[in-house]
Amino acid sequence: GKVMYLPNTFWHHDLNPNHENYKGVLNYHGTKGADFEVPKPADEFRVICIGDSTVEGIQLKPEEIVRQH
């Protein structure tokens with residue numbers, strides 16, 4: 001998987017789970033981080049960060065990205 005992104009008609013793109021940067025990093029929903037329940041549990045508070053590759057943390061290890069803190 002040399003292709004980093006896959007086309008998506010809703011979002012601009014999806015992360016390619018076969019790319020070396022994303023193997024073993026993406027969850028069931030195709031995002032970085034641990035799997036999560038949808039809908040969320042009533043006692044859980046979630047924050048969403050929207051942005052470009054800076055928010056995505058392309059060059060960072062999974063434990064270094066904002067979503068993990």
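The questions below set computed values against the definitions behind them.

Q: What kind of model is this, and which cut-offs apply to it?
A: This is a predicted model, in which local features need pLDDT of at least 70 and side-chain atom pairs count only at pLDDT 80 or more, while totals for chains, interfaces and linings use all residues. Residues are numbered from 1 along each chain as its sequence is written, and side-chain values use heavy atoms, with hydrogens and water left out.

Q: What makes up the secondary structure, and in which pattern?
A: The protein has one helix and two strands, in the order β-β-α along the sequence. Helices (H or I, at least four residues) and strands (E, at least two) are DSSP runs, numbered from the N terminus.

Q: Why is asparagine 16 called buried?
A: Buried means under 20% relative accessible area, exposed over 50%, and partly exposed in between (1.4 Å probe, protein chains only). Asparagine 16 has a relative accessible area of 6%, so it is buried. Asparagine 16 lies in the loop between S2 and H1. Of the 69 residues in the protein, 19% are buried.

Q: Why do arginine 46 and glutamate 44 count as a salt bridge?
A: The term needs a side-chain nitrogen of Lys or Arg within 4 Å of a carboxyl oxygen of Asp or Glu. The closest N and O atoms of arginine 46 and glutamate 44 are 2.5 Å apart, and the two residues form a salt bridge. The structure holds one salt bridge. Side chains of opposite charge can pair when their charged atoms come close.

Q: Are arginine 46 and glutamate 44 buried, partly exposed or exposed, and what makes them so?
A: Arginine 46 has 34% relative accessibility, so it counts as partly exposed. Glutamate 44, with a relative accessible area of 32%, is therefore partly exposed.

Q: Where is the cis peptide bond, and what is its omega?
A: The cis bond joins valine 38 and proline 39, with omega about -5 degrees. Proline 39 is found in the loop between strand S2 (13–15) and helix H1 (53–56).
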